[in-house]
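Me: I have a structure to look at and I'm new to it. Can you walk me through a few spots?

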Amino acid sequence: MQLISTVAEMRELVTAWREAGDTISLVPTMGNLHAGHMSLVTLAAEHAEHVIASVFVNPTQFGPDEDFSEYPRTFDMDQRRLARAGVDALFAPTVEEMYPAGVDVATQVQVPVSELSSQLEGEWRPGHFTGVASVVCRLFNICTPDVAVFGQKDYQQLLVLRRMVADLHLPITIFAAPTERADSGLALSSRNSYLSDEQKEQAVALQASLAAAGEAVRSGQTDFASVEAEGRRQLEAAGLSPEYFTVRRAADLSVAEERHANLVILAAARLGDVRLLDNILVTRDL
Ligand code: AMP
């Protein structure tokens, strides 16, 4: 596996691959890799001849009160893991390499669709999706992938990035990988390392409440407001502080209606200082 930290070197490598007629897939990450990230790598390898993984803790997607400086950085371990998985290149630039003009004055990519960017995560983390789109657009321009893989765990992010690709006519196919979970059901996340063992047990309530809500909706419950209220109640009963628990249309996150077959139930909750995020897709028989 080649370790690459500059844009120039990355361009040289992808140009050589392209000249050989090979296809390229990209898996963007912020490192501290777990089995969820590795499942993205596996999916990426199924869709292109060469896999690039990036590890970059992107400052522009963190709010001023968020954990940018404390975000877990485990670069040596990540590098070994990606090499063992057969990744061809690890792109790990510095902040200066990614934002040569400076983070605060860098050109931004804003996905302005109100349902997508300003609700839910966008409401609780203002500016987050602009930071995400701005860095992923740069990674796409540097790595020129044919395919990019993202996790369904960050469902709203997935929709924002699909929208960016469509709006900017980027010749890239996005694949979504299902959420990898611990045996308890807890969605794997780099931020789980902030949780104590006791909190990890409490955190299972997030997936459990989503599963229960999914089951209710699948079996015909159409009073989505009461499903949402019950979800919030279950989270609070487990000692979590819900930020949102909401039933939405899977295609665009608009408010769910009885006539919609494909729904997603999304939730975010705080547990101590940690913010937990999860979702479940639900298909209803109409
Ligand atoms: P992050 O390093 O947290 O920015 O995540 C990098 C990519 O991994 C994103 O596309 C996430 O959606 C994805 N991801 C994070 N957690 C999981 C998980 N538990 N299962 C599958 N994909 C995940």
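Reply: A contact here means heavy atoms within 4.5 Å. This is a predicted model, where local features need pLDDT of at least 70, side-chain atom pairs count only at pLDDT 80 or more, and totals for chains, interfaces and linings use all residues. Residues are numbered from 1 along each chain as its sequence is written, and side-chain values use heavy atoms, leaving out hydrogens and water.

Me: What does Asn 192 touch, leaving out residues up to four places away in sequence?
Reply: Leu 186, Ala 187, Lys 200 and Leu 276.

Me: Is Asn 192 buried or exposed?
Reply: Buried, because its relative accessibility is 10%. Buried means under 20% relative accessible area, exposed over 50%, partly exposed in between (1.4 Å probe, protein chains only).

Me: New topic. Which residues of α2 are buried?
Reply: Gly 36, His 37, Met 38, Ser 39, Leu 40, Val 41, Leu 43 and Ala 44. Helices are DSSP runs of H or I, at least four residues; strands are runs of E, at least two; both are numbered from the N terminus.

Me: What do they pack against?
Reply: The buried residues of α2 pack against β2 (24–29), β3 (50–55), α3 (75–84), β5 (147–151) and β6.

Me: How many disulfides are there?
Reply: Zero, in a search of the whole structure. A disulfide counts as a pair of cysteine sulfur atoms within 2.5 Å.
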